[in-house]
Amino acid sequence: MIILDNVHKAFGPNKILQGVNLTIPKGESMVIIGGSGTGKSVTLKSVLGLVTPDSGTISVDGINVLDADRDAFLARFGMLFQGAALFDSMPVWQNVAFRLLRGSLKRPRDEAREIAIEKLRRVGLKPHVADLYPAELSGGMQKRVGLARAIAADPEIIFFDEPTTGLDPIMSGVINDLIREIVVEMGATAMTITHDMTSVRAIADRVAMLHDGVIQWTGPVKEMETCGDPYVDQFIHGRAEGPIEAVR
Amino acid sequence: MIKFVASIGRTVLAILASVGRISTYVGQTLMHMVRGPFYVKEFLQALLSIGYYSLPVVGLTAFFTGGALALQIYSGGARFSAETVVPSIVAIGMLRELGPVLGGLMVAARVASSVAAEIGTMKVTEQIDALVTLSTHPMKYLTVPRVLAATLSVPILVGVGDVIGIMGGYVVGTTRLGFNPATYLHNTVEFLEFWDVASGLVKGAAFGFIVAVMGCYYGMNSGRGAQGVGQATKSAVVASSVMILAANYLLTEAFFSA
Ligand SMILES: Nc1ncnc2c1ncn2[C@@H]1O[C@H](COP(=O)(O)OP(=O)(O)OP(=O)(O)O)[C@@H](O)[C@H]1O
Ligand SMILES: [Mg+2]
């Protein structure tokens, strides 16, 4: 279980998170929606300790993330970055198998490569992609390699920052199914950021909407359409008119 | 007037603050160096890109410097009919001073810039964050291999540069200044002392350390975007060059002031 309690974060005068409260139960898929620049990525990064909140606490299974033993803590996580963040100095398969080639999860090279190719297949990439370099891939392919890397070591907790952005509709469907499968079959806890409402409906157990530095609304995905919250309503229907200003 | 003083004050404070941050960074680097895990493959790659691929540029620099040094000393020495000192002065000058300093500066230009740009790009494209989430410490994975590789390989580069520089002097001395080849070589080694060679190599190690640490430091602290990386690269080259010259003075003082 991940609990964010009254988390604040500002970059200089720019107040991003202003009291975020959110609970993600174990084994559930939480989707975070919200306008561009509202701090969704910053929220994920604070849970991982990549960004240190100015105040408030974040705990995973009752342990404050800032006190946790970093190696053991991070070994439980997988993260897909918004920009994929692939290591451009190494071929795709070594990116995917990064964790399996060193550290506590290290295994023989051949085995690591096989796992990498299998994970690539699950994100819809052919085996020959394994030996290409990230710079030789399209944006959507890079994103999927990033996804394969995030799930390579079968983590318990997975964060996806916009997994389907830049993918064609069919590939988005494949990725949505994959995320759902990971949560249902492997019992992983997932936190996904997305702007794609089809994705939200496909992968969420619960939805949280971040706006103005706080969680405006959170609840089961079934109630999203009928919750009556004007912010959620405007957002999911993509209306220009409403409480959320177009210029932010 | 107040504004002017205030701006000086701000600059001094900023310099002090970055001296503090760099010292902390050096401390962390040393701490991570002695504690594992140690990434062998990254270390070997760094040896190749920092040490081996710097050979041509360091060699060329040394060759031309040695040649020019021979010409200068010859014409300078002629003023008090001491032309015969050319071989020993070229050797001492190259070994103690010009080999390490010019070698260090060339490595600063070549290595500090590329390390800062590479790590800076990794920083702005979130690759450093990705490393952390993959349970890999960026200091151990990126900084330590590069710093170790530079500290070990720059002295070797300096040694090779010294030999090539002395050869440059030899070529100019024998072809242009009419020295007898055998006498030139004899005079080169005749008056050398152990510390002439050793001090240059120690300097090389210190300069290698400076270059790699500054490259990594500025890369890791790169601002956002292409502009941030450009700024980081520039700062890494400027800072490592200035620090090399300052360290060179201090080391020379330490070795030879007595
Ligand atoms: N390291 C940083 N330094 C300064 N400002 C930052 C930093 N990281 C994020 N910000 C700022 O925080 C705000 C929120 O950023 P974040 O990346 O979380 O947005 P987001 O909700 O993920 O938006 P998007 O949907 O466009 O990805 C932005 O205004 C951004 O400029
Ligand atoms: Mg984002």
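Which residues of strand 7 of chain A lie on one side and which on the other, and are they buried or exposed? Ile157(A), Phe159(A) and Asp161(A) lie on one side of the strand and Ile158(A) and Phe160(A) on the other, and all of them are buried, where buried means that 20 or more other C-beta atoms, placed from the backbone, lie within 10 Å of the residue's own, exposed that 12 or fewer do, and partly exposed in between.

The model is predicted, so that local features need a pLDDT of at least 70 and side-chain atom pairs count only at pLDDT 80 or more, while totals for chains, interfaces and linings use all residues. Residues are numbered from 1 along each chain as its sequence is written, and chains are lettered from A and ligands numbered from 1 in the order in which they are written. Chain A averages a pLDDT of 92, with 100% of its residues scoring at least 70; pLDDT is the predictor's confidence in each residue, from 0 to 100.

| Strands of chain A | Bridges | Direction |
|---|---|---|
| strand 6 (residues 77-80) and strand 7 | 4 bridges | parallel |
| strand 7 and strand 8 (residues 189-193) | 5 bridges | parallel |

Met79(A) stands opposite Phe159(A) of strand 7, whereas Ile157(A) has Thr189(A) in strand 8 as its bridge partner. Together with helix 6 (residues 169-186), strands 7 and 8 of chain A make a right-handed β-α-β unit, a crossover being right-handed if, with the strands pointing away from the viewer, the path from the first strand over the helix to the second runs clockwise.

Helix 1 (residues 40-48) of chain A gives 3 residues to the shell around ligand 1, the largest share. That shell includes Lys40(A), Ser41(A) and Val42(A), as well as Phe11(A) and Gln82(A), a residue being near the ligand if its C-beta atom, placed from the backbone, lies within 6 Å of it. Because 7 of the 9 residues of helix 1 of chain A are buried, this helix is largely enclosed by the rest of the structure; Lys40(A) and Ser41(A) are among the buried ones. Just after helix 1, Gly49(A) takes a positive phi of about 80 degrees.

Finally, 15 residues of chain A are in contact with 11 residues of chain B, contact meaning C-beta atoms, placed from the backbone, within 7 Å. Helix 2 of chain A supplies the largest share of chain A's side, 3 residues.

Conventions. Helix = DSSP H or I, 4+ residues; strand = E, 2+ residues; numbered from the N terminus. Pairing = 2+ DSSP bridges. Contact = placed C-beta atoms within 7 Å.
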